[in-house]
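Please consult the sequence and the structure shown here.

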Amino acid sequence: MKAYLTINWHEKSPEEVLDYLYNQLEKDEQYPFFSWLMQHFPNLEIDWLEVFEDYKEQLILSGKIDEVLSFVEWYKRKDLNDYIERHEFIERDICNYFIYKQDTERLQERIAFIQQNPVPGIDTLTTPLLFQLIYNGYYDLAVQFSQAVWKPISESDQLIGYAEYPFINTIYVSELQTFYEAHLNGKPTDENELFRQMLSMGFEDNKSNFNMVLSSLKGDLSLADIMDSIQKSMHDHMLILNIHFLKHMLHTYQLPFVLSEWLWNFIATTKIFGKQKGDENWFYLDAKTLDDYIANKLDYFLASNKLEVFGKVWGLDFVFAFLHQQRLLSAEHYEKMTENIIYCKHEMIRFASSDLWQMSFVFNWPRTNNYIDAPSGKLYFNSTFGTNYHESSDIINRYLSDFETPYRIKKELKLSNSKQSAPTSIWTEPQTIIRSEPKIGRNDLCPCGSGKKYKKCCLK
């Protein structure tokens, strides 16, 4: 008989209970004891949810998902309000598991709860879940999810910034695709209704940009207009190319706007381009510029956008293949750009580490003509499921063992680093940046050159 079965735990203080759990039991005995306490002493004054966090991940990775769900239902009955406020990490890991296992039915049950409570965990659960759905091909579910959560998020007084942006943008580009397909099929379209819907979700009342979008949807791409915009240091070309990229992805790869938009959106700024001589290479990014740009997009503190950025880095293949096809990137610079992207992909693999199994969606995406990848890649990604940091590092090192960083890239990184006292890169902590420019207002034009207001671009 287990010793704890003979103890009246109501007579013990919370500190004594936790001391027994963590210090007097072997590791494999701890959760069974915790589970037994749930059944026989549910009113103990311990933080049940916090303690469960210590065992949740291992339960999930060992396939004991039903035990996790059982705890969740038990705790909801015990203290629903507290679970609503603190559910983000448990629900995140449950969703990760169901997406990985392609268990759509049970995934939708989790989504239903998150839709009712989208504000707690906005950065660690609600927004990352949107990108998981999109990247894993749950396009309709992603749009439905966005439609359910954007308004309560926008109306919440607990959030600052423009937290609803990813959701309203997903809805918007979905409507754009519906409009575009209706136009292709000769069906009637209502431009005013589409514009009204945009405004109702909080988009700017900018009919000029909207007309540019519709014109790009209906017409062909004019290289002369793009080059004219570039030469005049305007921003129109970024928006025009955005729409043509969406159409290109739909027709070439049968990928919907709701995915392609985020792949283009990642580099939708004029701030990082134009560093090479020649208009045909305006879109080329050297290795250091690309590496720094990606590093600055990552949330190193919580790693909340790890999956989001991972997918966008993989999507750079599509973006620069499109630019090359449109004669906006020479063959020479496209080849270099491909090498730069491969390098950044491999650094993202190292950054993702033991969570790499969640990124296996990239192997379900179509390939560009210039795509290079090891055929065993998906196997390596999946083999990180249930591993710790050291085990996953070994897996990653084996996967990348045949890759040698080109000398050109090493030289670019080294030369750039020698000019900076505090260089940043994908795999290092970013340094604190002291503002050297005037503060930008929420409604000012974003200095990145996207053509959007600051609150709807780099502030988000």
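The second largest pocket has a lining of 38 residues, with E57, K306, S354, D355 and Q358 nearest its centre. The model is predicted, so local features need pLDDT of at least 70 and side-chain atom pairs pLDDT 80 or more, whereas totals for chains, interfaces and linings use all residues. Residues are numbered from 1 along each chain as its sequence is written, and side-chain values use heavy atoms, without hydrogens and water.

**Second largest pocket**

- A pocket is an open set of points on a 1 Å grid over the protein atoms alone where a 1.4 Å probe fits, with protein on both sides within 12 Å along at least five of seven lines; lining residues have an atom within 4 Å of a point.
- The space in this pocket is about 880 Å³, a volume being that filled by probe spheres set on the points, which are joined across faces, edges and corners.
- Elements giving two or more residues to the lining include helix 5 (88–100), helix 16 (306–325) and helix 17 (331–352); helices are DSSP runs (H or I, at least four residues) numbered from the N terminus.
- Helix 3 supplies the largest share of the lining, seven residues.

**Helix 13 and helix 14**

- The axes of helix 13 (residues 236–253) and helix 14 (residues 257–265), lines fitted to C-alpha atoms over the stretch in contact, come within 9 Å and cross at roughly 135 degrees.
- In contact (heavy atoms within 4.5 Å) are, among others, F245 and L246 of helix 13 with F257 and W264 of helix 14.

Note on methods. Axes are lines fitted to C-alpha atoms, for helices over the stretch in contact, and angles run from 0 to 180 degrees between N-to-C directions.
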